[in-house]
Amino acid sequence: MLGEEMQSGSTVPLVAGERAGATVRGATRAKPRKWPLREWLLFLLFIGPNVILFGIFSYWPMIYSAYLSTRRWDMISPVKVDVGLDNYRYLLSDDTFQKVLWNSLYFAVGAVGGSLILGLAAALLLNQRLRGRDGARAVIFMPTLLSGAAIGIVWAYIFDPRYGLLRTVLNVFRIPSPDWLGDPTWAMPAVIIVYIWKNVGFTTVIYLAGLQAIPRDLYEAARVDGAGPFWRFRSVTLPMLSPITFFLVVTSILSSFQAFDIINVMTRGGPVDATNNLIYYVYQQGFVAFNAGRAAAASIVLFVAMLIVTLLQLRYSERRVHYG
Amino acid sequence: MASAQRVWVSHRTRDSFWRLLGYLGLVLIIVVVGAPIFWMLTGSIKTNQEIYTFPPIWWPEDPVWENYKTAWNAAPFDRFYLNTLITTVGGVGLELLNATLSAYALVFLRFPKKNLIFILLLAALMIPTQVTILPNYITLSDFFGQSWINTYQGIILPGASTAFGTFLLRQAFLSLPHEVLDAAKVDGCGHLRLLWDVVLPMARPVLVTFGLISLVAKWNDYLWPLVVTNQDRMRTLAVGISYLYNPETITRWGPVMAATFFVIAPLIAIYIWAQRHIIEGITAGATKG
């Protein structure tokens, strides 16, 4: 029957009127058909693979992670020992994990703050009537498309404290170069710089679209009221951009939690766990230490953290819709 | 009169001052973004002596193109390219197929409570990769009695479904002009005909955009291919390259920079070709979402 439907669909046109009943945007002007089973089956055939794949590779892992987080298992032995909440207790008391949480926060604040401020600055600049601004927009966006692994290696060469490009730049200002990737104090700023360099193009492009959507008359009105450039920025631009800023804060926090490639390539979480973040910790516990229970528990912690951020966003956007 | 003229002049000088500052800003953007790429490109043709010099040599005396040959032979890059090509084409193809069919079903086909199914798809966006990698590794190491570790299907399949793409195409299909769709239906167009001959051609810009976004993501994907492969012959470019650099040993930057060029060159080429599509698509996807 399904085969028939597909064949008739692709070769022989169906009888006119039979298909006219299909709803577009819920429009129900035509007479409803009595026997929509074929349409139901086609619906399932079309959407089924997508849903099934999500079931196997997203929803099931969620459940399975929750289950594994209560076990002790080395991923080889046939027995998964029930340890209750021991894995979570371990994480709470573990100094490394506390450092990991702190690092994730540090990274999120630095990376998100940096890309938002620099992105807004670049967008304000690219919004001016300047020759070549489209070219500059294309250039600033380019790094977002490049492999984080490859970019990480290039930056490791730039950060080289003796022969790197950054030493040359700092030397102009007579600042000695720190041992970026070898020093626990500087490793995190270093990976944040790379992350911002790679992602600032995204915030720029989104902010630019937001700036271009602000109605001109608002600026005219502010000008008539005697507002100077700074005040126009404070009273028109920033408030009008606030929904976009909020969107960018949320999505950037979520993606900063998932920053793995740059860190794995540049520092492997070191030195002395200085750049060990949640996702790196999950990877480390699961695929290096073969401690499935702890990895799963840490991944659940990460999931809860991301869920809180997402729910905050939903709540806020709903309010915005209701109260303008 | 005179004062008015003075105001006009000062406006002009102030204007050109800001204009100059603006152009300096544009130059700054291009230098800051371009310098690492320049450093990589020149590094890839420098000798070891030229690399280990301070202050640095900006342009190598005698470009060492051998670095590219050394890099190519340092790892099975032909395999890396082949693997990346297969997993990217497979992944993008399946994502496009799933997104198109799901969006079509959600917009044009009737089904009880179909919005619940849409929400079920969207909710999957909230489940982050790091929660799924370990269970997916365990699932695929014994997938219906077979190990899918070190296989193409193992790399591709967990990323073959898409909620973002379904969402993007659903929005696009919803905004297609009524009249054309109705006319097609009056002509007795079946669903596959409607999809292939009417909906897809009209939604082409969105398909191209989503295809490009997906292509970039698959080409650069790192964590999952790293986890699901453990043999050199199955590594993708992004994963393979990371083994050429080890923070604990001395790195021969010349060939390593040449190797990073292998990874990013194809994407830069695509970007130069389809820059407008990519930027506008990502803007639209994010602001509408």
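Of the 324 residues in chain A, buried ones make up 40%, where buried means that 20 or more other C-beta atoms, placed from the backbone, lie within 10 Å of the residue's own. Please keep in mind that this is a predicted model, in which local features need pLDDT of at least 70, side-chain atom pairs count only at pLDDT 80 or more, and totals for chains, interfaces and linings use all residues. Residues are numbered from 1 along each chain as its sequence is written, and chains are lettered from A in the order in which they are written.

Chain A holds 13 helices and two strands, taken as DSSP runs, H or I of at least four residues for helices and E of at least two for strands. Counting two residues as in contact if their C-beta atoms lie within 7 Å, 66% of the contacts in chain A between residues at least 6 apart in sequence join residues at least 24 apart.

Let me turn to one helix pair. The axes of α4(A), residues 95-126, and α10(A), residues 229-257, come within 9 Å and cross at roughly 140 degrees, the axes being lines fitted to C-alpha atoms over the stretch in contact, with angles from 0 to 180 degrees between N-to-C directions.

Finally, the interface: the contact takes 88 residues from chain A and 83 residues from chain B. On the side of chain A that touches chain B, helix α2, residues 37-68, gives the most, with 19 residues.

Methods: Buried ≥ 20, exposed ≤ 12 C-beta atoms within 10 Å, placed from the backbone.
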